[in-house]
Amino acid sequence: MNLRAIQTIYLFEMDRMRRTVAQSVISPVISTALYFIVFGSAIGSRIQQIDGVDYGAFIVPGLMMMTLLMQSISNAAFGIYFPRFVGTVYEILSAPISAMEIVVGYVGAAATKSLIIGLIILATAHFFVAIEIRHPVWMLAFLVLTCVTFSLLGFIIGIWADNFEKLQLVPLLVVTPLAFLGGSFYSIKMLPEFWQTVTLFNPVVYLISGFRWSFYGQADVGIAVSLSMTFAFLVVCLGVVWWIFKTGYRMKP
Amino acid sequence: MQPILNVSGLSKTYDSGFEALKKVDLAINRGEVFALLGPNGAGKTTLISIICGLVNPSAGSVTVDGNDILSDYRAARSLIGLVPQELTTDAFVTVWQTISFSRGLFGKRKNPDYLEKVLKDLSLWDKKDAQIMTLSGGMKRRVLIAKALAHEPQILFLDEPTAGVDVELRRDMWEVVRKLQQTGVTIILTTHYIEEAEEMADRVGVISRGEIILVDEKAELMRKLGRKELTLHLHDPLDSLPASLNGHDLELAGEGYEIVYHYDTQGERTGITSLLKDLGDAGIRFRDLQTKQSSLEEIFVSLVRGRK
């Protein structure tokens with residue numbers, strides 16, 4: 001086990017975040033805070049409570065999840081795509097490190113960044129809306145699980161992408177709609193029955209529902225279902241990463 | 001002495017069906033400078049890339065100091081430093097950061113003294129805190145060498161180290177290679193500049209269309225394959241060669257003022273004595289003569305041509 005290599009990749013990536021703090025930390029925090037201001041403070045007071053929770057507070061978990069998904073994916077995707085794009089990936093491939101160590105370094109750093117962003121957003125939310133966290137341990141668990149899972153997805157996208165457009169494609173065309181339609185701003189119980197069923201095919205529903213449960217004890221789907229769906233997605237991502245390194249897909253001809 | 005690098009039966013066929021390497025066998029001795037010569041697309045970079053772990057082999061095996069590059073990849077790769085052909089560097093980090101990264105990636109404990117020495121040897125020490133993007137192309141090339149040396153490798157691969165580099169820097173680069181060799185590092189360089197191989201290499205391998213067509217000591221190679229050329233400058237021009245000289249392999253050049261004779265230095269008889277006698281008998285007088293040894297470049301070109 002080349003622990004020093006994992007540490008080196010991890011710290012190098014974290015340092016990239018430090019260098020680009022405005023883009024990688026401040027901007028997602030500000031754009032999320034704008035949602036709190038508009039939907040939470042400004043028009044939130046005119047919207048009725050959902051499941052006994054003020055609307056402003058209700059949307060906090062969903063918004064956090066949405067930002068985490070986007071950030072995890074784009075951080076991890078960019079983290080591995082950039083060395084491939086400029087060619088510095090040769091050094092990583094020629095180093096005495098295993099595929100697992102590469103993944104832990106890159107995905108670990110991307111997940112850490114999203115986790116930091118998530119916690120900053122949570123702290124920011126306090127300024128605009130009154131939130132409570134009923135199950136803080138579960139909340140953290142969901143947070144970490146989501147960051148890791150979607151950083152893995154981002155890593156996969158970063159290897160699949162062979163141009164900058166593809167790098168943006170999945171986050172913008174797939175993840176954003178799924179996050180908006182996954183109950184960030186509403187409870188899926190508010191939908192007509194047919195659409196409720198359709199929504200259950202959206203994996204983001206389980207993340208948001210479980211995460212919201214850790215805040216307010218309310219969930220659209222059972223917490224056990226939420227957890228197992230998230231884990232299942234994690235396992236799928238791990239499987240794809242394993243396949244990528246086994247076949248050398250887009251990395252080793 | 002056991003070779004430090006052993007390639008046997010190595011083949012590579014890309015997904016496109018292109019056969020880049022065909023059963024290549026090659027052994028590199030410890031501490032030598034080995035030049036791999038070949039035209040573009042001959043398989044030089046593919047060979048290096050497989051040894052360094054960038055490309056998967058299709059068949060065959062490679063061992064580095066006895067360690068298989070697939071089953072003992074950690075041990076094998078730890079011994080190797082790679083300087084790629086393209087100037088692929090990070091842009092925003094400093095020279096010091098990038099070489100520290102390289103060292104860490106190879107799992108080596110921090111050693112600022114060693115890294116300082118590497119930078120000083122490459123005349124990069126005063127640039128250690130400069131962002132890489134601010135450096136010139138030649139300096140970036142040095143940074144790549146510093147990165148490759150950061151983990152104290154025993155074998156250094158230089159893939160076209162002087163491609164696109166000006167003459168002065170090329171000389172500097174040769175100097176760097178010589179210094180490295182003195183520290184006991186085995187150096188394998190690919191190039192299509194023959195003068196580079198002629199200048200630096202102990203041994204030369206020629207690769208063409210995925211096959212190593214020849215490996216030999218540089219001096220031996222030049223002796224064996226080197227042909228000499230004798231040029232006779234005539235007093236009076238000739239319209240054509242007299243029939244009495246038909247037995248010799250001659251060419252008339254320089255508007256009839258020169259007779260060129262090719263001969264093999266390895267041959268039992270060079271044929272010079274009889275040529276001069278026949279010239280005398282034919283009444284051809286010459287005012288000067290010169291001989292020239294063919295360069296590695298000419299040898300190389302004739303070798304590669306001969307295969308086509």
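Arg250(A) is partly exposed, with a relative accessible area of 35%. In this predicted model, the side chain of Arg250(A) pairs with that of Asp162(A) in a salt bridge, and the closest N and O atoms are 3.6 Å apart. The two residues belong to distant parts of the chain, 88 residues apart. Arg250(A) lies in the segment after helix H10 (223-247), while Asp162(A) sits in the loop between helix H6 (136-160) and helix H7 (164-184). Asp162(A) is also classed as partly exposed, at 43% relative accessibility.

Over all chains, the count comes to 18 salt bridges. Some of these share partners: Asp15(A), Arg18(A) and Arg19(A) are joined in this way into one network.

## Annotated regions of chain A

An unreviewed UniProt entry lists residues 19-248 of chain A as "domain: ABC transmembrane type-2". In the model this span is 80% helix and 0% strand, and its end C-alpha atoms are 31 Å apart.

Under "transmembrane region", the unreviewed UniProt entry lists several stretches of chain A, including residues 21-43, 167-186 and 198-215. Residues 21-43 are 96% helix and 0% strand, with end C-alpha atoms 31 Å apart. For residues 167-186 the corresponding values are 90% helix and 0% strand, with 29 Å between the end C-alpha atoms.

## Helix H9 of chain A

Helix H9 of chain A covers residues 203-216. At 1.5 Å a residue, its 14 residues should span 20 Å, and the 21 Å between its end C-alpha atoms agrees with that expectation. Of the 14 residues, 13 are buried, so H9(A) is largely enclosed by the rest of the structure.

Both ends of the helix have local features of note. At the start of H9(A), a side-chain oxygen of Asn202(A) comes within 2.9 Å of the backbone nitrogen of Val204(A). After the helix comes Gly217(A), which has a positive phi, near 70 degrees.

## The interface between chains A and B

The contact draws 26 residues from chain A and 29 residues from chain B. About 2,600 Å² of area is buried between the two chains, and carbon and sulfur atoms give 58% of this area. On the side of chain B, the residues that lose the most area to chain A are Arg74(B), Phe101(B) and Leu105(B), together 26% of what that side buries.

Eleven residue pairs are in polar contact between the chains, and two salt bridges cross the interface. One salt bridge joins Glu101(A) to Arg74(B), with the closest N and O atoms 2.9 Å apart. The elements of chain B that give two or more residues to this side are helices H2 (73-78), H3 (95-105) and H5 (137-149). Of these, H3(B) gives the most, with five residues.

## Salt bridges within chain B

Lys120(B) and Glu116(B) form a salt bridge with an N to O distance of 2.6 Å. Both residues lie in helix H4 (residues 112-121) of chain B, four residues apart, or about one turn of the helix. An α-helix has 3.6 residues a turn, so residues three or four places apart point the same way. Lys120(B) is partly exposed at 44% relative accessible area, and Glu116(B) is likewise partly exposed at 24%.

A further salt bridge links Lys128(B) and Asp129(B), whose closest N and O atoms are 3.2 Å apart. Lys128(B), at 23% relative accessibility, is partly exposed, whereas Asp129(B), at 56%, is exposed.

Methods. Residues numbered from 1 in each chain as written. Chains lettered and ligands numbered in written order. Heavy atoms only, no water. Expected span 1.5 Å × (residues − 1). Buried < 20%, exposed > 50% of the residue type's maximum accessible area, 1.4 Å probe, protein only. Polar contact = N/O pair within 3.5 Å; in protein donor to acceptor, adjacent residues only side chain to side chain. UniProt positions renumbered as here; feature names shortened; annotations may be inferred. Contact = heavy atoms within 4.5 Å. Buried area = accessible area lost by both parts, 1.4 Å probe. Salt bridge = Lys/Arg side-chain N within 4 Å of Asp/Glu carboxyl O.
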